[in-house]
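Trainee: I'd like to learn how to read a structure like this one. Could you walk me through it?

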Amino acid sequence: MGLWMPGAVRRHGPPVKVGYTSGASGPKRGDVKHSAEGGWGGIHAVLDDLSRSASFQFTVGYDRFEQHYPYNAHCWHAGDADDDGGVAANIDLVGIEHLGMAGTPLTDYQVAATVQISEWCAAQEGITEFARYPEQAGVWTLVEHNEVSDVPTACPSGRIPWDTILKALGDDDMTDEERRQLKEAEAGVKALRGIVWDQAVRLHLLKERVDKHGRRLDNHELVVPALHAEDDG
Ligand SMILES: [Zn+2]
């Protein structure tokens, strides 16, 4: 367990720009993916500006990614510190910025890096399953800023290729139709299990009856010679 990800370039943000009265850090259970709407210059300016209540743990560039705070810091990235929607994003989730503008999908490097960051952060919390928000129980939940922010935002402006990311993270990447079919199949198996169980019980009862009859026959065979013996006597 570590607070700083190996492979990430450390570029610290101002230490004062994290935390709430409840504390400065704590366990995380997912991450919020953001669009930086700019490059390194803009992102560092926002990070260093003490008049702006904005901080985030990671920024993914085009040939490197930086970590600005320990992954478990309570950064101010998602405009959400109360638990509406089952999550207080700034407290429960890691913030990951991605360089670039709306309309520009993440590069292959950025996709690979954000997958690595999600994986590493989840591993620090002992979590190995990943799912898209609003799924949260027992998984590392993957969120878009606009899904949790208390103020309207377009971020990350459709830049996150979730299918690719979920596939890379080992999610089964099922469509809703496939999920429906799986549910149906599971219900079928459940019903079948009931029938099989009933048949097994009937077989067992039948076997018991056969055994009983068998014993009676055995006894009969034992008894008959004796009777004959008595007759002889
Ligand atoms: Zn954002």
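This is a predicted model: local features need pLDDT of at least 70, side-chain atom pairs count only at pLDDT 80 or more; totals for chains, interfaces and linings use all residues.

Trainee: Okay. Which residues coordinate the zinc ion?

Mentor: For a metal site, look for N, O and S donor atoms around the ion. Here the zinc ion is held by ND1 of His34, ND1 of His145 and SG of Cys155, at 2.1 to 2.2 Å. Along the chain, these donors follow the spacing H-x110-H-x9-C. His34 sits in strand β2 (residues 30-35), while Cys155 is in the loop between α4 (145-148) and α5 (162-168), so this pair links parts of the chain 121 residues apart.

Trainee: Are His34 and Cys155 buried or exposed?

Mentor: Both His34 and Cys155 are buried.

Trainee: Next, salt bridges. How many does a search of the whole structure find?

Mentor: A salt bridge pairs a side-chain nitrogen of Lys or Arg with a carboxyl oxygen of Asp or Glu, within 4 Å. The search turns up 6. In one of them, Arg11 and Asp48 meet at 2.9 Å, N to O. Arg11 is in the loop between β1 (9-10) and β2, and Asp48 is in helix α1, 37 residues apart. Arg11 counts as partly exposed because its relative accessible area is 23%, and Asp48, at 35%, is partly exposed too.

Trainee: What about Asp211 and Lys207?

Mentor: Their side chains meet in a salt bridge at 3.5 Å, N to O. The two are 4 residues apart in helix α6 (residues 176-232), so about one helical turn separates them. Asp211 is partly exposed at 34%, whereas Lys207 is exposed at 53%. Asp31 and Lys33 also form a salt bridge, at 3.0 Å, and both of those are buried.

Trainee: And where does His68 lie?

Mentor: His68 is in the loop between β4 (65-67) and α2 (89-92). With a relative accessibility of 1%, His68 counts as buried. Beyond its sequence neighbours within four places, His68 has contacts that include Trp4, Arg11, Leu47 and Phe56.

Trainee: Last one: which residues lie nearest the centre of the second largest pocket?

Mentor: Those are Val46, Arg52, Ala54, Phe56 and Glu97, out of 21 lining residues. The pocket holds about 300 Å³ of space. Helix α1 gives the most to its lining, with 3 residues. By type, the lining has 8 nonpolar, 10 polar and 3 charged residues.

Note on methods:
Residues are numbered from 1 along each chain as its sequence is written. Side-chain values use heavy atoms; hydrogens and water are left out. Buried means under 20% relative accessible area, exposed over 50%, partly exposed in between (1.4 Å probe, protein chains only). Contact means heavy atoms within 4.5 Å. Donors are N, O and S atoms within 2.8 Å of the metal (3.2 Å for Na, K and Ca); water is not among the atoms, so sites may look incomplete. On a 1 Å grid over the protein atoms alone, a cavity is a set of points where a 1.4 Å probe fits but cannot get out, and a pocket is an open set with protein on both sides within 12 Å along at least five of seven lines; lining residues have an atom within 4 Å of a point. Grid points are joined across faces, edges and corners, and a volume is the space filled by probe spheres set on the points. Ala, Val, Leu, Ile, Met, Phe, Trp, Tyr, Cys and Pro count as nonpolar, Asp, Glu, Lys and Arg as charged, and the others, Gly among them, as polar.
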